[in-house]
Amino acid sequence: MKHRGRHRRRRRGRALRATLAGTALALTAAATLISASQATVADAPGALKPVSASDGAGRLPLAEHRVPGRWLDRLASEMGRPVGVGTVLDSADVPLRQAADCPAPEKHSLPVEPAATRAYCFGGSGTRGWRAGAVTTSGDADDDGRWGANRVILSGWTRGAEGGSLDGPAPGQGLAKVAFVDANDPGALRYTWALLAVPVDGGRDYRGLVSPLSGMVWYQDKLLVTTREGDRDALYVYDMDRIQRATVESDAVGRVRGGWAAHGSRFVLPAVGSYTLPGGDDAARPASVSLDRSTSPDSLVASEWVPADGDRHTRLWRYALSRDPARSGLLATDSSGDADPVEAYETKTADVRGVLAHRTGWYLDRASGSPGGHGTLWRQDADGARATECGTDETRHCWSGRSGSLSYWEETGEVWSQSGRMLFALPLTSIDRALG
């Protein structure tokens, strides 16, 4: 794929931003009643604390491993020629509903302040029994906001519980899939599914990825996703030019009688690599990731998950992305194949479900402390921390309660996230204004 320059379509991007700013939706009328249980203003977490990337807290080297090329070639020879994102979008035929047509309980999960300017909801049998997670877009993939001729949103979902054997989950449990959303027409988003898989048996078969999708970044031709606790692989890597077609409609996963199945999805992404943690199962690990294009080179930022009653602070890391054309979409590594953080911080913010870094600010999405409540969006830097306030009691519980990852679409200036079955966006400038 040839990557285009930053300035192409800039004029159209400015026009789109102006349109979005002038047509902000009244999406959160049902969400403005904040419960009394949320009225207490939480203590501010203060400034980020820089941590040396060479000491125990800041050092988190990730060892790169590649799936052997002969495995991938064998799989392709059995399943058929791999396809690209455009082919997947040609099959996108399930509509996302506009916010006005979404159920009120779903819309209640949207942010109160600042309000979303665009929102959609998933529905139908394809999401029943699945839990929404990470989001990334073609705004991450390429700096002009498009992949080829298309604007694309990827929405990650996980089936059932987090458990399951690493050799393969129980039927329907722990699987991970991605909705490929055709976002070319903001008024008519449509999607189709692709199952995330891992090649096994020398490329003669594949198993489903057994992991909740809490973090996901599409950069150049690679998709990086976080993995569950207990897995030494911190990130799995997928090639967006190596998407395979499923040929049998079945709840099974992998080779079946008559062809290949993907638990009902039309497409399969077989992993092409992974990044492995240095320690055991209890080692620190990235739980949420996002792309930062404001650095040089572009970088991947990550946060771990520490519960509110945990006995230590949350750690944040930044990894440089490779500039080598032969390593497109991968982390920069040393001669040993390790990717070391170039920055590391500690924060008192706990229960972080989404992280975004842009210029000097780090945006941390803290989950709600009560079922059905709203969370808090903090912006932290070396000087301190701020959160939006809303309601007559100026509570800081103004953000979506069930949202996960944050993704910044630089070309349009929008931040995308997902809360339950709601997929939503709002300008980063509106977040900064609300933070003061």
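**Close-up views of a cavity and of salt bridges**

**View 1. The lining of the largest cavity draws its largest share, three residues, from strand β23.** This is a predicted model, in which local features need pLDDT of at least 70 and side-chain atom pairs count only at pLDDT 80 or more, while totals for chains, interfaces and linings use all residues. Residues are numbered from 1 along each chain as its sequence is written, and side-chain values use heavy atoms, with hydrogens and water left out. Strands (E, at least two residues) and helices (H or I, at least four) are DSSP runs numbered from the N terminus. Both β18 (288–292) and β23 (352–358) supply at least two residues each to this lining.

**View 2. The structure holds one cavity of 30 Å³ or more.** A cavity is a set of points, on a 1 Å grid over the protein atoms alone, where a 1.4 Å probe fits but cannot get out, and lining residues have an atom within 4 Å of a point. The volume of the largest cavity is about 70 Å³, a volume being the space filled by probe spheres set on the points, which are joined across faces, edges and corners. Its lining consists of D140, L291, D292, R293, S294, L356, A357, H358, Y408 and E410. Sorted by class, four of these residues are nonpolar, two are polar and four are charged, where Ala, Val, Leu, Ile, Met, Phe, Trp, Tyr, Cys and Pro count as nonpolar, Asp, Glu, Lys and Arg as charged, and the others, Gly among them, as polar.

**View 3. R151 and E411 meet through their side chains in a salt bridge, 2.7 Å from N to O.** The pair links distant parts of the chain, 260 residues apart, with R151 in the loop between α5 (138–141) and β7 (152–159) and E411 in the loop between β27 (407–409) and β28 (414–419). A salt bridge is a side-chain nitrogen of Lys or Arg within 4 Å of a carboxyl oxygen of Asp or Glu, and by this rule the count comes to 17. R151 is buried, because its relative accessible area is 10%, and buried means under 20%, exposed over 50% and partly exposed in between (1.4 Å probe, protein chains only). E411 is also buried, with a relative accessible area of 3%.

**View 4. R379 and D432 form a salt bridge whose closest N and O atoms are 2.9 Å apart.** This pair, too, links distant parts of the chain, with R379 in strand β25 (residues 376–380) and D432 in helix α6 (residues 428–435), 53 residues apart. R379 is buried at 19% relative accessible area, whereas D432 is partly exposed at 25%.

Notes. 1 Å grid on protein atoms, 1.4 Å probe; cavity = no way out; pocket = protein on both sides within 12 Å on 5 of 7 lines; lining within 4 Å.
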